[in-house]
Amino acid sequence: MALSGDQLERYARHILLKEIGGPGQQALLAARVLIIGAGGLGSPAALYLAASGVGTIGLVDDDHVSLSNLQRQVAHTTAAVGEPKTASAARTLNALNPDTRINQHTERLTSGNVDALVSGYDMVLDGCDNFETRFLVSDACERAQIPLVSGAVGRFDGQLAVFRPWETDTDGTPGPGYRDLVPEMPPPGSVPTCEEAGVVGALTGVIGSMMAMEAIKEITGAGTSMAGSLLLYDALDTRIRRVKLRRDPHRG
């Protein structure tokens, strides 16, 4: 499908890039991306994906906007306090780019609905804040063979990974999934939440923007996928480290 005159102007800076160009922009416009959580990570990721022209964005969140969210959850405004986060974020994204269709999934992910939600999309970005949801999402993406971009933050540290565990390397070994990074659910209370430990707001913007960047790469084929790697970001020391992940040979 040819780009309209308005689209050629809106996405001109993408089209100039040989790694994206017209075909890459058309791929973005045809893409369907599901974002888990419309909070600190999901907000910047959704804003940049909408701005880039992703055709359909699904937002999964059953929470409402609170005043304490606004220090980092940039898809929401003070006037939105008390509203469902999906509705607040959808309004912001629609104002930014009416080309993008926003699907509001104002519900909590469970084992009963996760497969149906994930199967309607080409890619999933997980910016949730709890391990139970991360395991549900990663398992569903692995079953459906849908790429997963996973981000997490705590205080001044962030991490980012891309998982495509159904793919194999040259010797036939399957790639790593989220369960190869976190094999078992941590005991309750062992990992403090942002509500308990705090988090600097700009950090969520850094990691959320990186999540959007990796999603754009996966959709357009630009650059090298970071699937199979884990990126660690230390904001206080301004250090980034990338480590190789490996599949647990005992995992099915």
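First, a term I need: with a 1.4 Å probe and protein chains only, buried means under 20% relative accessible area, exposed means over 50%, and partly exposed is in between. I also note that this is a predicted model, where local features need pLDDT of at least 70, side-chain atom pairs count only at pLDDT 80 or more, and totals for chains, interfaces and linings use all residues. Residues are numbered from 1 along each chain as its sequence is written, and side-chain values use heavy atoms, with hydrogens and water left out.

**Entry 1: strand 7**

Five of its six residues are buried, so strand 7 is largely enclosed by the rest of the structure.

Next I checked its neighbours (two strands pair if DSSP finds at least two bridges between them). Strand 6, residues 157–163, pairs with strand 7 in the antiparallel sense over five bridges. Strand 8, residues 239–244, runs antiparallel to strand 7 and is joined to it by six bridges. There, L231 has R242 as its bridge partner. The hairpin of strand 7 and strand 8 has four residues between the strands, and T238 takes a positive phi near 50 degrees in it.

**Entry 2: salt bridges**

How many salt bridges does a search of the whole structure find? I got 12 (a salt bridge is a side-chain nitrogen of Lys or Arg within 4 Å of a carboxyl oxygen of Asp or Glu).

I looked at R91 and E83, whose closest N and O atoms are 3.0 Å apart in a salt bridge. E83 has a relative accessible area of 23%, so I call it partly exposed. R91 is also partly exposed, because its value is 43%.

D139 and R179 form a salt bridge too, at 2.8 Å from N to O. This pair links distant parts of the chain, 40 residues apart: D139 is in helix 7 (residues 131–144) and R179 in helix 8 (residues 178–181). R179 comes out partly exposed, at 29%.

D237 is partly exposed at 47%, whereas R239 counts as exposed at 52%. I also wrote down that R164, E167 and E218 are joined into one network by salt bridges that share partners.

How values were computed: Helix = DSSP H or I, 4+ residues; strand = E, 2+ residues; numbered from the N terminus.
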